[in-house]
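A pair of aromatic rings is described by the distance of the centres and the angle of the planes.

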Amino acid sequence: MNKIHCLSSCLKYLLKQRDQYVCEEYIAYSPNVFRIQQIGPYNFDTSLDQSILNWMKQFGHIKIFKNEEINFNKNSILNIPIKFLTYSTVYNQYNISETMHFVVLEGLTKDNKIKIHDPFLPENQELEFSGELRISDELVQECVQIDFSLDSPLSKENFKINSNTIINQLVVKDWDPIVDMVYHCDSDQSLSMLLSLASSSIEGSRILFSKINNNNGLITEWHDNWLLLRVYLYRLYITNRDADRKNAVQKVQNIKKVEVALNERRT
């Protein structure tokens with residue numbers, strides 16, 4: 001798990017094309033990025049997306065284009081619903097129209113198709129995808145284009161973070177509302193939680209924390225429990241059995257224990 005988030009991965013790839021090199025940790029980090037907040041009835045997330053956007057605003061300029069304003073021949077970043085990204089098995093499995101994903105827009109082909117590069121495949125982050133998408137009215141209406149340019153070339157100070165300057169830790173009690181909600185949710189609510197967690201930046205924030213503090217072994221344990229939590233939430237949606245609910249709660253408790261260990265390992 002070397003990559004943190006689809007937006008920061010796209011930004012790093014885009015900058016590399018322009019001979020500007022920066023580590024993804026530096027793009028993604030901010031002091032409050034590890035806090036988990038409830039942003040809807042069954043929706044939890046971190047501020048990782050906003051942290052990356054803040055970095056972009058600090059070191060450059062962002063222009064946002066929608067609908068007919070989008071220039072598909074412009075090398076930029078495209079925020080696109082996953083229903084259009086049929087090359088991914090995960091996107092095909094969870095074909096939820098409101099779930100968005102960032103890819104790099106690399107221009108148009110001669111037959112007027114969009115050339116994209118996806119450096120962040122959820123099923124295997126070691127893999128990347130380059131290909132083409134057909135332009136449709138629906139795609140044009142639902143995408144957002146982010147045009148980013150640096151104010152000046154990046155210096156060597158932009159290449160890494162000094163972990164000694166980072167004083168914040170993971171706040172384990174942020175998981176308590178999730179434990180409570182999993183314990184009391186019914187079948188339909190468990191599906192809402194599953195989709196919310198799967199599309200959130202929670203995992204990315206933990207990968208960021210482990211990369212800064214060199215805790216690769218512990219993040220693997222965290223990731224295993226994270227995947228099993230989603231498995232049991234899906235089983236709960238299908239069966240509505242107390243056994244699946246208890247297993248889901250146990251996986252959240254396991255995640256909390258791993259985060260306690262992650263905090264201790266960095267001190």
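The points below are grouped by topic and refer to a predicted model. The structure holds eleven aromatic pairs, among them the pair of tyrosine 26 with tryptophan 55.

**Tyrosine 26 and tryptophan 55**

- The two rings are arranged edge-to-face, at 6.4 Å centre to centre and with 90° between the planes.
- Tyrosine 26 belongs to helix H2 (residues 24-28) and tryptophan 55 to helix H3 (residues 48-59), so the pair ties together parts that are 29 residues apart in sequence.
- Tyrosine 26 counts as partly exposed because its relative accessibility is 22%, whereas tryptophan 55 is buried, with a relative accessible area of 4%.

**Phenylalanine 34 and phenylalanine 209**

- The ring centres of phenylalanine 34 and phenylalanine 209 are 5.1 Å apart and the planes stand at 90°, so this pair is edge-to-face.
- Phenylalanine 34 is in the loop between H2 and strand S1 (37-40), and phenylalanine 209 is in helix H8 (residues 202-213); the pair therefore ties together parts that are 175 residues apart in sequence.
- Phenylalanine 34 and phenylalanine 209 are both buried.

**Ring cluster**

- Tyr26, Trp55, Phe59 and Phe148 are linked into a cluster by ring pairs.

**Packing of H8 and H9**

- H8 packs with helix H9 (residues 216-239) at an angle of about 170°, and the axes are 10 Å apart.
- Because angles over 145 degrees count as roughly antiparallel, H8 is roughly antiparallel to H9.
- On the H8 side, Ile202, Glu203, Arg206, Ile207 and Ser210 take part; they meet Ile219, Trp222, His223, Trp226 and Arg230 of H9.
- The residues of this contact comprise five nonpolar, two polar and three charged.

Key
Residues numbered from 1 in each chain as written. Predicted model: local features only at pLDDT ≥ 70, side-chain atom pairs only at ≥ 80, totals over all residues. Heavy atoms only, no water. Phe/Tyr/Trp six-rings, centres within 6.5 Å; stacked < 30°, edge-to-face > 60°. Helix = DSSP H or I, 4+ residues; strand = E, 2+ residues; numbered from the N terminus. Buried < 20%, exposed > 50% of the residue type's maximum accessible area, 1.4 Å probe, protein only. Axes fitted to C-alpha atoms, helices over the stretch in contact; angles between N-to-C directions. Parallel < 35°, antiparallel > 145°, perpendicular 65-115°, else oblique. Contact = heavy atoms within 4.5 Å. Nonpolar A, V, L, I, M, F, W, Y, C, P; charged D, E, K, R; others polar.
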